[in-house]
Each structure stands twice: as structure tokens, then as C-alpha cells.
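Here is my note on the helix packing. Please read it with the model open beside you.

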Amino acid sequence: MASIGSILFSGKAILIKLAFTYGANAETLLALRMLLALPLFWLIYWWQARKQKKVSLSWADRFKVFSLGFLGYFLSSYLDFLGLQYISVGLERIVLYLTPTIVLLISYFVLHKSISRLQWFALIVGYLGVMAVFIQDANSTGSSAWLGMLLVFASACTYAGYMIGSGEMVNRIGSIRLVVYASSSSAFFSIIQALAHRPADILEQASQIYWLSLVNASLCTVIPMLLIMIAIHRIGSPLVAQAGILGPVSTIFMGWAVLSEPISWIQIGGMSLVMGAMWLLVRNDANKQKPLKPINSNGFGDKDLLSS
């Protein structure tokens, strides 16, 4: 389930790239994705809420969740969609795969937490791998690759900030509720942005755009979220994160098969460096993790889905 979820998540970039070929813009695609995914998220919430006690939220909590939704689901996704206009899906997925390293750096410089030598080594190796893959894109797309990589890296940074800020809320209200509430916040901002940009675009797209958005919302957003959530409770976050290594690999080969994006030895080598670096970080975290507790009778517990 973790492996399939990781591959399905990675398919998002392929669908966005295909939608761009039909003339859609990032603002409209983001709004359609969130609008179509929102009912599915609330259906999951309703299914789980029947089995668990409802946790009331103060106005301060609601503001935090609203802000987290803007940061992690709206702004991060929007920057990612913009970046995909300029770089390959392989580079996009590899840059996003560096999110744990950004969390680590924020924890070090902002929260003053220590970083081991192994973690520093993994950080250096990971970013060298990204630069190697970037060389491949820069050779084919030119200077626009810089803009695309900066946008996607900014997307990874905003999502890293979301992950750090969501820790307290996950413990209080649970991962499913946080995802549903944050997604609702993101849908609100997405609709406002799309209406402010070009109000008629949401209703005047080609039929292919709506089908691609539906597949993106269901098969590449909600369904993999459920698969990974279940997997976390069965085998733990470290093993799920290791299965996530399949994400960059599958994206590169899907980009080659569907979008005719080239694959070079430089790209494969850079991807291998990034994957090796993330494996070192995951292994280090796994050694520190306590043994897993059994799943409770309510089904899903409150472990953080987003830690994977």
C-alpha cells in the first residue's frame, strides 16, 4: 500500500503537465483539483468521525488550521504547479523529495536542534544529486530551468514549514481531521484566486481538463493518502518513507513514457544520490523510533500521516 500510494502521488506531476498541453493555467488546475478532492476528503472525515469522539476547536485553533491549510496545501501546491511549467517532472519530484532535509535545516537554524554528522553527510549528498539532475534540465530548457527549480524548491520549503507547524495540531485533532480542515482552507483560497484571476476559466475548460483534474483529485490525491495512512499504522512511518523512494523513480520513467522526457545517465546518477541520502536520513530516524503500538479499535489512530 505504501509503494502504490507513493507511485500514485507521483502521478500528479504527469497529469498537471498533460493539462498544460490543453492550455490550462496553474490557478485553474489548482482550484479544480481542490474542488473535486474536497467532497472525498469530507466523506473520509464523516466515516471516521462516527467512530471517534469529536474534538472541539477554539477560534485560535481554527485560525491555526486555516493558516496551515494556506501554507501547506494552497501556497505549496500553487508554487509546485507554477514550477512544473519550466522543469521536467523528474526534477520536480526529486526536489520535493528533499522536503525532510528542509525540515531538518529549519529545525537546526530556527529551533536550534542538533544535526549529526550522518545527517550532514546525507544533506550534502542529496543536494549534490539535485544539482546533477538540474544540469540535465538546464541543458534542454535553458535559463527557465532556474525559475522552475526555485519555484518547486519554494514549494518544498513551504510544505516543510507546514509539517513543522502541524505537529501540535496533529496530536490534538488527529491527522485525518487536520488534512480535511487544511484541504478545506486550501479549497477556499484556490477558488478565491481562480475567480480573481479569470472567473470564467473554471467553467470554460476543455473536457480533457476536467477528466485529468478528476483523476488527479481522486487517484493521485485522496486514494494514495488513504493507502499511506493505513500503511503507516501497519508498518510505521520509517518503512513507509523508505517505500516513498519509489516516487522519484516512477516519476522519471512515467515522464519518459507519457511525456517523452529524456532520461540520461546524469539524471539517473543524481536521482541515485538523492535516494541514497534520503535512505540514510530515514534509517537514522528508524533507529530512534520506539516500537509500534497495535492499531486501536477505532481504526486509524493519531500518528502523523504527513511525516512520511
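Which residues in H4 meet which residues in H6? Point 2 lists them.

1. **Ground rules.** This is a predicted model, in which local features need pLDDT of at least 70, side-chain atom pairs count only at pLDDT 80 or more, and totals for chains, interfaces and linings use all residues. Residues are numbered from 1 along each chain as its sequence is written, and side-chain values use heavy atoms, with hydrogens and water left out. Helices are DSSP runs (H or I, at least four residues), numbered from the N terminus.

2. **H4 against H6, the contact.** Leu-91, Ile-94 and Val-95 in H4 meet Val-130, Val-133, Phe-134 and Asp-137 in H6. Contact here means heavy atoms within 4.5 Å. By class, these residues are 6 nonpolar, no polar and 1 charged. Nonpolar covers Ala, Val, Leu, Ile, Met, Phe, Trp, Tyr, Cys and Pro; charged covers Asp, Glu, Lys and Arg; the others, Gly among them, are polar.

3. **H4 against H6, the geometry.** H4 spans residues 89-96 and H6 residues 117-141; their axes come within 10 Å and cross at roughly 160 degrees. Axes are lines fitted to C-alpha atoms, for helices over the stretch in contact, with angles from 0 to 180 degrees between N-to-C directions. H4 and H6 are therefore roughly antiparallel. That label needs an angle over 145 degrees; under 35 is roughly parallel, 65 to 115 roughly perpendicular, and the rest oblique. The crossing is left-handed: the near helix is turned anticlockwise from the far one by less than a right angle, whereas clockwise would be right-handed.

4. **H4 against H12.** H12 covers residues 246-259, and H4 packs on H12 at about 165 degrees, with the axes 8 Å apart. So H4 is roughly antiparallel to H12. The crossing of H4 and H12 is right-handed. H4 supplies Val-89, Gly-90, Arg-93 and Ile-94; H12 supplies Gly-247, Pro-248, Thr-251, Ile-252, Gly-255 and Leu-259. The H4 and H12 contact has 5 nonpolar, 4 polar and 1 charged residues.

5. **H2 against H10.** The axes of H2 (residues 26-49) and H10 come within 9 Å and cross at roughly 45 degrees. H2 is therefore oblique to H10. H2 passes H10 in a right-handed crossing. Among the contact residues are Leu-29, Arg-33 and Phe-41 of H2, and Tyr-210, Asn-216 and Met-225 of H10. The contact divides into 14 nonpolar, 4 polar and 1 charged.

6. **H10, length and kink.** H10 (residues 207-235) has 29 residues and should span 42 Å at 1.5 Å a residue; its end C-alpha atoms are 40 Å apart, which agrees. The expected span is 1.5 Å times one less than the number of residues. A kink of about 30 degrees is centred on Pro-224. Bend is the angle between axes fitted to the seven residues ending at a residue and the seven starting there. Just after H10, Gly-236 takes a positive phi of about 95 degrees.

7. **H3.** H3 bends by about 30 degrees at Phe-70.

Note on methods
Helix = DSSP H or I, 4+ residues; strand = E, 2+ residues; numbered from the N terminus.
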